Amino acid sequence: MRSAPQSSARHRAQRGGQTIVFLLMALTVLVFIFLWNVDLHRIVAGKSLSQNAGDAAALAAARWQGTTLNLIGELNLMHALALSAGDTDAVDAVTNLQARLSFTGPMTALVAAQVAAKNNRIYTDADFTALMRRHADDVSRYDTPVAGGVLFPEPYAGAWDAYARMLADIAADGIAAAPDNARFYNDAPGNHILRDPAFYDAVAGRIWCWFYLHPTASRNPVRTMLDDFTDHSWWGPLPQPDPPSFENAEIFGLGLVSHPVSLERLMTPEAFQVGAAQQAIDLTGFVQTNVMPVVERWYFYHPTAWQAWTIMNPDGPDAFPIAGPVKPEYDYTGADAVIRLHAQVTRLTPSAGTPDRHDDLLWTAAAKPFGYLETDDSTGLKLRPDAFGLVLPAFREIRLIPVDAASGGATGSFDIHWRRHLDEHLPLYVATGRLDDDCRYCRRIATFQDAAFRQQGRDWLLHNHGLCTLPGGGGGGRGGGTRRGH
Ligand SMILES: [Zn+2]
């Protein structure tokens, strides 16, 4: 028997049930939105935390680079004064101090970067610290005897022991801000396809033009490494370490070099006048002394480290997106600091792939000391700090710069996965063909080794190689592209 009231009561109950279900669903969604909002807030806060810390660490390091360069410049002036006073002990002490400062200055920069990062609540990174500790061990073996001398000659007696100890001490406190543009003496240069990050990007993104622009044999008909590759032995031996200079620290190096040379061969005394004017040291009459022909060891800017800052030229080959050209007196490469750091954010909501609810935020930042030499107060003409070659006190300020415009900005010295691939996987792979399944770079080599992958690229290039043009109408050298991006 059916009755209308019964039916409507059931309906009401049903509707009530639906309402509760709906409310519960809405509540769940609201709770999730709330939690997600908290997460979003945490991630944004973490991002700005890591950004502040990275910028502060890079600025702190660059400040010490500038200070050290000024000190070495002041010592060049003191050297001249001691020379004209005939004080040979002081002369020796000055050059010795300059050699040591080239290492202790950058080490102070490294410490300052750690302090700045930790003050901004970025904590020690276990991988960074382990890499630094391992490198300190490597440095302690830099004086290993080899045929014809030692592995890497010391810039001053006992340098490697002292330098290794400094690195070990810094590592003992933990590395929070990693020096990402470091170039270790035992690092091999990048001029091998397997050491070029662009190769891995090309494989991952199927950027077939990259292979066309990096031919390994004749390009007629279209013939690239996609055609030529046979097996792991095809790549050729990996390059051996080729250190640029032993006078500069590997981390935050200043790009200096010392030469024994006489002042009269070196230059007109103008450079000293400029430096002395800035320092308010009276060097009048210096030219009349008998020190001009004396051969002495002076500190110079290394000409390959200090060059025009072409990457920052908006009209240059890299077409850097800046509003206008860099002021002439600031247009130089040279000493700068790139920092890599991680901040961890704990989420309330789960997300795919990361069950532990931790997000690792990466931040890289770069800073550089800037300055100029003033020639004359009346003209106000400003010169690059390295205008005379000789190091003079010139650095006045520090600025953040784009990471990609920093020297060695694409190195990624403390990109732990990349580093592990270069140092551990590649030597094994080239020798035996073994790849590491857990390494994304190894997996890309495996992709390249797949004949079907290479055939896909060959087919594409056969018809489309006309689309491949060299960037900027020339060059097309290695290292195009960047590993970075915040
Ligand atoms: Zn690998």
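This is a predicted model: local features need pLDDT of at least 70, side-chain atom pairs count only at pLDDT 80 or more; totals for chains, interfaces and linings use all residues.
Reader: Ok, how many helices and strands are in the protein chain?

Author: The protein chain has 12 helices and 10 strands. Both are DSSP runs numbered from the N terminus: helices are H or I with at least four residues, strands are E with at least two.

Reader: And what share of the residues is buried?

Author: Buried residues are 33% of the 486 in the protein chain. A residue is buried if 20 or more other C-beta atoms, placed from the backbone, lie within 10 Å of its own, exposed if 12 or fewer, and partly exposed in between.

Reader: What about contacts, how many are between residues 24 or more positions apart?

Author: Of the contacts in the protein chain with a separation of 6 or more, 78% join residues 24 or more positions apart. Two residues are in contact if their C-beta atoms, placed from the backbone, lie within 7 Å.

Reader: Let's pick a helix. Which residues of H3 are buried?

Author: Phe128, Leu131, Met132, His135 and Val139 are buried in H3. Seen down the helix axis, the buried residues of H3 fall within an arc of 100°, so they line one face. The arc is that of the directions from the helix axis to the C-beta atoms.

Reader: What's on the other side of H3?

Author: Ala126, Arg134 and Asp137, which are exposed. The buried residues of H3 pack against helix H4 (159-172), strand S3 (178-179) and helix H10 (416-432).

Reader: How do H10 and H11 cross?

Author: Their axes come within 9 Å and cross at roughly 45°. That makes H10 oblique to H11. Axes here are lines fitted to C-alpha atoms, for helices over the stretch in contact, with angles from 0 to 180 degrees between N-to-C directions. Angles under 35 degrees count as roughly parallel, over 145 as roughly antiparallel, 65 to 115 as roughly perpendicular and the rest as oblique.

Reader: Which residues meet there?

Author: From H10, His417, Trp418, His421, His425 and Tyr429 meet Arg440, Tyr441, Cys442 and Ile445 of H11.

Reader: And how do H2 and H4 cross?

Author: The axes of H2 (residues 88-119) and H4 come within 11 Å and cross at roughly 5°. That makes H2 roughly parallel to H4. Phe103, Met107, Leu110, Val111 and Gln114 in H2 meet Ala159, Tyr163, Met166 and Ile170 in H4.

Reader: Changing topic: which residues touch the most other members in the largest nonpolar core?

Author: Ala57, Ala58, Ala61, Ala113, Ile339 and Leu341, out of 87 residues in that core. Helix H1 (residues 4-84) gives the most to this core, with 16 residues. A second, separate core of 21 residues includes Trp208, Leu435, Cys442 and Ile445. A nonpolar core is a set of buried Ala, Val, Leu, Ile, Met, Phe, Trp, Tyr and Cys residues joined through C-beta atoms within 7 Å.

Reader: Where does alanine 177 lie?

Author: Alanine 177 is in the loop between H4 and S3. Alanine 177 counts as buried because it has 32 C-beta neighbours inside 10 Å. Setting aside neighbours within four places in sequence, alanine 177 contacts Ala57, Ala113, Gln114, Ala116, Ala117, Ile339 and Leu341.

Reader: Last one: is phenylalanine 252 buried or exposed?

Author: Phenylalanine 252 counts as buried, with 27 C-beta neighbours inside 10 Å. Phenylalanine 252 also has a positive phi of about 55°, although it is not a glycine.

Methods:
Residues are numbered from 1 along each chain as its sequence is written.
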